[in-house]
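How do the helices and the sheet of this protein pack together? The report below takes the packing piece by piece.

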Amino acid sequence: MSETRILFGFHAVLSRMRQHGSSIQEIIIDQDRVDARMRDLLDMAKSQNIRVIQAERHRLDGFIGAHGRHQGVIARVVETPMPYKDIHDILESDLDEPPFFLILDGVQDPHNLGACLRVADAMGVHAIIAPKDRSVGLNGTVRKVASGAAETVPFISVTNLARTIRELKEAGVYIVGTTMDAPGSLHNTKLEGPIALVMGAEGDGMRRLTQETCDALITIPMFGSVQSLNVSVASGIALYEIRRQRVLAGGKA
């Protein structure tokens, strides 16, 4: 069953037009914004016969609240559910390489989740898995920061994360968790084959039960004075290393 939602910000709206322009019901723009970026957006909307409505800025503010940054553009879109509803749909689908997952254990900052979606898309992750509790969902801010990746990377919310991880292990997926004091290192760990990378929440890291369910725990070596990394940055580094090893092993480049 489809539903209507709001997308806002140039990246999110332009990405939706490029990927699924037919899903956009209408675009609402700030009538006072007439710069080149807006003209490009209007040209693309015209080429796809998408209805555009001009409005005063305060009306756009009303759609997303005072703290949202819409940049003068909002789109009403019809959201069609992704074909993948749970991990089994992906495991049983016709993938062209071993399964590759990113598990986020309690990421609550929408900007972090949006950035994680972007790096997951860039590194070819098949899905992001997150618990329904203690986690942010796919809200408007997440979609804006994700710059279109929220529409390309399946986001699967699960009731019991530890049980889901056990199901992945039973399906032959290797579970690798990241912690600051782990015995293994990203640089000397074999990260090939079916794999799921587990990243902890901002500040608290992975929950104890999640750690205990992992097959291996690794750390990202640090060479400067900074002691920790943002979860999306750490995800990008670790996912890139997994993709690098896959390419060297003859996998998808």
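Contact here means heavy atoms within 4.5 Å. The model is predicted.

The buried residues of α1 are F10, A12, V13, L14, S15, R16 and M17.

Take S15 of helix α1. Its relative accessible area is 7%. Buried means under 20%, so S15 qualifies. Leaving aside residues up to four places away in sequence, S15 touches F10, S147 and G148.

**Two helix pairs**

Two packed helices are described by the angle between their axes and the distance between the axes. Two pairs are set out here.

| Helix pair | Axes come within | Crossing angle | Handedness |
|---|---|---|---|
| α1 (10-20) and α2 (36-47) | 11 Å | roughly 25 degrees | left-handed |
| α5 (110-122) and α9 (231-248) | 8 Å | roughly 15 degrees | right-handed |

Helices α1 and α2 cross at roughly 25 degrees. Angles under 35 degrees count as roughly parallel, and α1 and α2 are therefore roughly parallel to each other. On the α1 side, the contact uses F10, H11, V13, L14, M17 and R18. On the α2 side, R37, M38, L41, M44 and A45 take part. By class, this contact has eight nonpolar residues, one polar and two charged.

For α5 and α9, the crossing is roughly 15 degrees. That makes α5 roughly parallel to α9. From α5, the contact draws on N112, A115, C116, V119 and A120. From α9 come V231, S232, S235, G236 and L239. Here the residues divide into six nonpolar and four polar, with no charged ones.

**The seven-stranded sheet**

What is the order of the seven strands in the open sheet? It runs β7-β6-β5-β10-β8-β11-β9, and the pairing is parallel. The edge strands are β7 (155-158) and β9 (184-185), each of which pairs on one side only.

Strands β5 (residues 100-105) and β10 (residues 195-200) pair in the parallel sense over six bridges. F100 stands opposite I195 in β10. Helix α9 packs on the sheet and touches both β5 and β10. The direction of α9 makes about 165 degrees with that of β10.

Methods:
Residues are numbered from 1 along each chain as its sequence is written. This is a predicted model: local features need pLDDT of at least 70, side-chain atom pairs count only at pLDDT 80 or more; totals for chains, interfaces and linings use all residues. Side-chain values use heavy atoms; hydrogens and water are left out. Axes are lines fitted to C-alpha atoms, for helices over the stretch in contact, and angles run from 0 to 180 degrees between N-to-C directions. Helices (H or I, at least four residues) and strands (E, at least two) are DSSP runs, numbered from the N terminus. Angles under 35 degrees count as roughly parallel, over 145 as roughly antiparallel, 65 to 115 as roughly perpendicular and the rest as oblique. A crossing is left-handed if the near helix is turned anticlockwise from the far one by less than a right angle, and right-handed if clockwise. Ala, Val, Leu, Ile, Met, Phe, Trp, Tyr, Cys and Pro count as nonpolar, Asp, Glu, Lys and Arg as charged, and the others, Gly among them, as polar. Two strands pair if DSSP finds at least two bridges between them. Buried means under 20% relative accessible area, exposed over 50%, partly exposed in between (1.4 Å probe, protein chains only).
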